[in-house]
Amino acid sequence: MRTADPGLIGLLGFVIATLTAQLEHLGVQEVAPVFWVGAAFGGVVQVTAGMLSYFNGDNFHFIVYNAFGWYWIVVPGFLLGEEIGFFGVTGTARGVFALVFAVLALAFAPAGSVHNTVLPITLLAVALGLGLQSAAAFAASHTLGTVGAYVLLIASALAAYMLIEKFYWLTMGRHVVPLGPPWIGGSEDREP
């Protein structure tokens, strides 16, 4: 029996949560949607995709979706703590948290580069965007946070681009957008 690819929901969760959070960073919407969308799509959906990847024997997506899924479970906790004044996490503590995940995204990029061109670029954009938002927290710089938000919007758009390709390939058997060759040669594209 052939199972569905959990990467479809993993990418969808990342796209929706990242887009929602960055729109809040840019002042386009309030923080409440970040709490709910982040917890549901960023957290639950990505952790589910990661665990399903585990059962498919896919170590790369298991760790990536779980890492960023748990990121999105913790971030709404930060927001809730700040709102109710209980275990609030602000300022440099958020900067450290963002920095940890920037480093993780950077560490995941070489392994992603055996898949195609778009995946490592997406991970590098995540690393840069979170790195800028981390620096913004340490320096109390609105400008760095804004630039980081735009870079993360690019990462979200790249993930949506991969989602389109993966969805059409898996449902129609057609490649509709090019993802580019793997950066690390001698390895087949591990994505369907």
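A: Ser53 lies in helix 2. Helices here are DSSP runs of H or I with at least four residues, numbered from the N terminus.

Q: Before going on, what kind of model is this?
A: This is a predicted model, where local features need pLDDT of at least 70 and side-chain atom pairs count only at pLDDT 80 or more, while totals for chains, interfaces and linings use all residues. Residues are numbered from 1 along each chain as its sequence is written, and side-chain values use heavy atoms, with hydrogens and water left out.

Q: Back to Ser53: buried or exposed?
A: Ser53 has 2% relative accessibility, so it counts as buried. Buried means under 20% relative accessible area, exposed means over 50%, and partly exposed is in between, with a 1.4 Å probe and protein chains only.

Q: And what does Ser53 touch?
A: Not counting residues up to four places away in sequence, Ser53 touches Pro6, Asp58, His61, Phe62 and Tyr65. Contact means heavy atoms within 4.5 Å.

Q: Next, the core. Which residues of the largest nonpolar core touch the most other members?
A: Phe68, Tyr71, Trp72, Phe101, Phe108, Val126 and Leu130, out of 40 residues in that core. A nonpolar core is a set of buried Ala, Val, Leu, Ile, Met, Phe, Trp, Tyr and Cys residues joined through side-chain atoms within 4.5 Å.

Q: Which elements give two or more residues to this core?
A: Helix 1 (7-25), helix 2 (32-55), helix 3 (59-84), helix 4 (92-112), helix 5 (118-139) and helix 6 (142-172). Helix 3 gives the most, with ten residues.

Q: What is Tyr71 in contact with, leaving aside neighbours within four places in sequence?
A: Phe97, Phe101 and Leu130.

Q: How many aromatic pairs are there?
A: The structure holds 13. Rings of Phe, Tyr and Trp (its six-membered ring) pair if their centres lie within 6.5 Å; planes under 30 degrees apart count as stacked, over 60 as edge-to-face and the rest as tilted. In the pair of Phe68 and Phe108, the ring centres are 6.4 Å apart and the planes are at 75°, so this pair is edge-to-face.

Q: Where do Phe68 and Phe108 lie?
A: Phe68 is in helix 3 and Phe108 in helix 4, so the pair ties together parts that are 40 residues apart in sequence. Both Phe68 and Phe108 are buried.

Q: How about Phe167 and Tyr168, what kind of pair is that?
A: Their ring centres are 5.3 Å apart with planes at 80°, so that pair is edge-to-face. Phe167 is partly exposed at 39% relative accessible area, and Tyr168 is partly exposed at 33%.

Q: Which residues form an aromatic cluster?
A: Phe68, Tyr71, Trp72, Phe78, Phe97, Phe101 and Phe108 form one.

Q: How are cavity and pocket defined?
A: On a 1 Å grid over the protein atoms alone, a cavity is a set of points where a 1.4 Å probe fits but cannot get out, and a pocket is an open set with protein on both sides within 12 Å along at least five of seven lines; lining residues have an atom within 4 Å of a point. Grid points are joined across faces, edges and corners, and a volume is the space filled by probe spheres set on the points.

Q: And how much space lies in the largest pocket?
A: About 790 Å³. Of the 34 residues lining the largest pocket, the closest to its centre are Glu24, His25, Leu79, Arg94 and Gln133. Helix 3 gives the most to this lining, with nine residues.
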